Amino acid sequence: MAQVCAGWGTDLGTAALHFSLRDPRITATITGFTKESTLMRTLDALDVHLPESFWQEIEALTPDPEHWLDNNEPIRW
């Protein structure tokens, strides 16, 4: 996934942020930072556009759901 990101001129952190914002199963995205530079990098990442073809490449690298740890079961708190 890092190679796909690099090929699109972005990084894993930016992709992860956008993944959480585009997936309807995720209802909140919380980021943390201790430095102003990290805050600025996060804010800049919000302005990055990752087209659908990028997500198709990323999703092609995702394991089948049968191999996911949660096995598609709802999260129990």
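D23 and R25 pair up in a salt bridge, with their closest N and O atoms 2.5 Å apart. Here, a salt bridge is a side-chain nitrogen of Lys or Arg within 4 Å of a carboxyl oxygen of Asp or Glu. The idea is simple enough: side chains of opposite charge can pair when their charged atoms come close. The two partners sit in rather unlike surroundings. D23 is buried, with a relative accessible area of 9%, while R25 counts as exposed at 58% relative accessibility. In these terms, buried means under 20% relative accessible area, exposed means over 50%, and partly exposed is in between (1.4 Å probe, protein chains only).

A word on where these values come from. This is a predicted model, in which local features need pLDDT of at least 70 and side-chain atom pairs count only at pLDDT 80 or more, while totals for chains, interfaces and linings use all residues. Residues are numbered from 1 along each chain as its sequence is written, and side-chain values use heavy atoms, with hydrogens and water left out.

In total, the structure holds three salt bridges. One of them brings the side chains of R22 and E52 together at 2.8 Å, N to O. This pair links distant parts of the chain, 30 residues apart: R22 belongs to helix α2, and E52 to helix α4 (residues 52-60). Helices are DSSP runs (H or I, at least four residues), just as strands are (E, at least two), and both are numbered from the N terminus. R22 is partly exposed at 34% relative accessibility, and E52 is partly exposed as well, at 43%.

R22 also forms a salt bridge with E59, and here the closest N and O atoms are 3.5 Å apart. Since R22 lies in helix α2 and E59 in helix α4, this pair ties together parts that are 37 residues apart in sequence. E59 is partly exposed, with a relative accessible area of 43%. Through shared partners, R22, E52 and E59 end up joined by salt bridges into one network.

Charge is not the whole story. On the surface, L21, M40, L43 and L46 make up a nonpolar patch with about 350 Å² of accessible area together. Patches take residues with over 30% relative accessible area and no salt bridge, joining like charges within 9 Å and nonpolar side chains (Val, Leu, Ile, Met, Phe, Trp, Tyr) within 5 Å. The areas come from the Shrake-Rupley method with a 1.4 Å probe, and for residues only the protein chains shown count as cover. Helix α3 (residues 36-46) gives the patch its largest share, three residues. L21 is found in helix α2 (residues 12-22) and is partly exposed, with a relative accessible area of 48%.
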